[in-house]
Amino acid sequence: EQPHGSSTTVILPVIPLVSGAMWLFSSSSKTAAAPAPPSSANPGDAGHGAAGSAGSPVPAEAPTREEIAAFITRVSSQVAARSPEVVARAKAQGERQQRLQKHKKKAAVMSRQSNMTRHAWKSAMSRPTDEVQEARNCMQALQAVNGQMEDDLADMEEAEAALDALEQEHGAAGDGEDDEDEMRALLDQLRVEPASPAESAAKFGLYEEYLTTVEQTRRTTLDFWDSVKPDFPAQAQAHLQKAVTKLDSHDAMAADFDETGRRWFVYDMTVGAHRNNEAISKCLGMLRGRLEMIEGQEDCPVCLEPLGEAAGVHTLGCCHQVCAPCWRLYQAAVAQPACPLCRHEDFVGQFVHLSAGQ
């Protein structure tokens with residue numbers, strides 16, 4: 001016996017729907033009591049295309065046996081009737097959506113790096129001279145993260161973890177707005193060369209590390225634009241190209257030196273590096289926003305209905321999406337759901353098997 005609301009019901013024998021999936025049904029409600037789906041510490045642990053959750057919980061109320069049977073019948077018939085063109089179109093949509101998800105993730109990580117670079121510089125300028133090296137170490141670590149990050153989601157997750165560790169170690173926050181008055185006051189400290197040779201050398205070294213980090217981020221941003229550009233419509237490409245081109249212009253890289261010599265040259269160069277870093281941050285924010293606007297898988301790869309009309313969308317660990325109603329029933333029908341796009345043959349095979357079992 002098991003509790004069910006305020007009454008007690010008797011459980012009937014186990015009914016297998018497919019190899020590895022066992023379901024229990026109540027004699028009174030006919031409601032399937034679904035066991036928890038296989039768990040994984042990381043949705044990608046089951047391999048590419050494993051249908052791991054990206055944060056969407058399993059509905060508390062499991063589907064009925066009738067709902068599952070109707071779902072199997074409907075999807076099986078659709079799978080059998082799908083032409084190669086329909087399958088190819090669905091895969092193309094899924095690949096584009098997956099690619100845009102990765103692009104958006106990378107833009108977020110790069111933007112965070114840019115913010116952390118600025119924060120590290122600010123932190124060093126507010127500390128004693130003998131603590132400036134810590135900020136330089138942080139910037140060098142940011143350069144290493146930037147240089148190792150590729151377009152793979154796993155690499156970006158590793159980069160995020162590395163940035164988390166740097167925040168913990170150095171307190172270099174990667175979000176939030178800057179106080180412009182504070183930034184201006186810190187920059188003004190560089191107008192006059194320090195009297196102490198040690199302080200002068202420390203602040204010049206800090207500038208060099210700041211510039212090196214900013215230049216690396218700028219190159220990465222330009223390369224990133226080259227990789228995402230084909231996914232934008234022509235009109236959007238032209239608009240974004242103007243913003244990206246400014247990063248590589250003479251004005252973005254130049255320093256306006258005081259020809260009278262009354263200002264320390266490090267001030268002018270740091271102002272130029274800071275201006276470039278701010279332009280990079282804004283450009284990355286713009287790219288990320290535009291990616292969110294064009295992102296979207298048009299149809300659910302299970303039922304082929306528009307995702308925009310679905311009652312919720314479930315994002316898999318591979319970044320492909322399935323409408324929430326289909327995912328709820330798919331999880332109830334099989335023990336190991338497969339991404340319908342990454343593992344299309346496995347997905348089709350499951351429904352062939354399910355249909356034959358009915």
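The model is predicted. It holds 14 salt bridges. A search of the whole structure finds 0 disulfides.

**Salt bridges between helices**

- Side chains of opposite charge can pair when their charged atoms come close.
- Arginine 118 is buried, at 6% relative accessible area.
- Glutamate 278 also counts as buried, at 19% relative accessibility.
- A salt bridge also joins the side chains of arginine 136 and glutamate 209, at 3.2 Å from N to O.
- This pair links distant parts of the chain: arginine 136 is in helix α3, glutamate 209 is in helix α6 (residues 197-228), and they are 73 residues apart.
- Glutamate 209 is buried, with a relative accessible area of 8%.

**Other charged groups**

- Aspartate 346 and arginine 343 meet through their side chains in a salt bridge of 3.0 Å, N to O.
- Aspartate 346 is partly exposed, at 39% relative accessible area.
- Arginine 343 counts as partly exposed too, at 27% relative accessibility.
- Salt bridges link Arg112, Asp164 and Glu167 in a network.
- Glu150, Asp152, Glu157 and Glu158 form a negative surface patch.
- Within that patch, aspartate 152 lies in the loop between α3 (132-148) and α4 (153-170).
- Aspartate 152 counts as partly exposed, at 39% relative accessibility.

**Cysteines**

- A disulfide is a covalent bond between the sulfur atoms of two cysteines.
- The cut-off for a disulfide is within 2.5 Å.
- Cysteine 323 is buried, at 6% relative accessible area.
- Cysteine 342 counts as partly exposed, at 24% relative accessibility.

**Two single residues**

- Lysine 122 lies in helix α2 (residues 84-125).
- Is lysine 122 buried or exposed? Lysine 122 counts as buried, at 10% relative accessibility.
- Lysine 122 and alanine 135 are 13 residues apart in sequence, and their C-alpha atoms are 9.0 Å apart in space.
- Leucine 304 has a positive phi of about 65 degrees, although it is not a glycine.
- Leucine 304 belongs to the loop between α9 (265-294) and β6 (313-315).
- Leucine 304 counts as partly exposed, at 28% relative accessibility.

Conventions. Residues numbered from 1 in each chain as written. Predicted model: local features only at pLDDT ≥ 70, side-chain atom pairs only at ≥ 80, totals over all residues. Heavy atoms only, no water. Buried < 20%, exposed > 50% of the residue type's maximum accessible area, 1.4 Å probe, protein only. Patch = residues over 30% accessible without salt bridge, like charges linked within 9 Å, V, L, I, M, F, W, Y side chains within 5 Å. Areas by Shrake-Rupley, 256 points an atom, 1.4 Å probe, with all protein chains shown as cover. Salt bridge = Lys/Arg side-chain N within 4 Å of Asp/Glu carboxyl O. Lys, Arg positive; Asp, Glu negative; His and termini not counted. Charge placed at Lys NZ, Arg CZ, Asp CG, Glu CD. Helix = DSSP H or I, 4+ residues; strand = E, 2+ residues; numbered from the N terminus.
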